[in-house]
Amino acid sequence: MPIGGTGEDAINIGAKISHEIVKLSGDLLRKLLDELLKKMEDSPGKKSLQNLLASGKELKTVEISKDNLKDFNCMCKKYGIQFTAVSEKGSDKKSIIFKTEDLDRMEKVLGGLIEKELSKDSIKSINRNINTVQASKETREDNVKAPEKNVKENSR
């Protein structure tokens, strides 16, 4: 048997094995991508309106301010809610569309946003009160210092 024939056989076998590996890798990659796409469709958070409509489930709508959208998105992911946000022209509000089956969880999300806003307002109110007290204190100290100057000037 010639030596060249054995080498060609080895090359042919190697090529066939490589082809099968690539074929299996492609099939595996396709399956992994299909699973990933399915998980992305089912994952909570912001979705397209078309995806929500394609689910065939009843939908509800609430409005939130654009300022709260980032916090809202984080909380929806936490509670596993899929939603879409639709802008209204000339408004600082967003219409949030979500599945009716998520209504109980959406109430928790909206309650959390309200609590967060109240705490922000409380902090602002506390800061205003602190500033008012400091201003009053400074005014009072100025009034106390002023008569002392008058007393010293009169005693000369």
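Author: The model is predicted, so local features need pLDDT of at least 70, side-chain atom pairs count only at pLDDT 80 or more, and totals for chains, interfaces and linings use all residues. Residues are numbered from 1 along each chain as its sequence is written, and side-chain values use heavy atoms, with hydrogens and water left out.

Reader: Why is isoleucine 17 called partly exposed?

Author: Isoleucine 17, found in helix H1 (residues 3-42), has 48% relative accessibility; buried means under 20% relative accessible area and exposed over 50%, with partly exposed in between (1.4 Å probe, protein chains only), and therefore isoleucine 17 counts as partly exposed.

Reader: What makes serine 95 count as buried?

Author: Serine 95, which lies in strand S4 (residues 93-99), counts as buried because its relative accessibility is 12%. Leaving aside residues up to four places away in sequence, serine 95 touches Thr61, Val62, Glu63, Thr84, Ala85, Val86 and Glu88, where contact means heavy atoms within 4.5 Å.

Reader: In helix H3, which residues are buried, and how do you know that they are on the same side of H3?

Author: Within H3 (residues 69-79), the buried residues include Leu69, Phe72, Met75 and Cys76. They cover an arc of only 125 degrees around the axis, and therefore lie on the same side of H3; the arc is that of the directions from the helix axis to the C-beta atoms. Lys70 and Lys78, on the other side of H3, are exposed.

Technical notes. Helix = DSSP H or I, 4+ residues; strand = E, 2+ residues; numbered from the N terminus.
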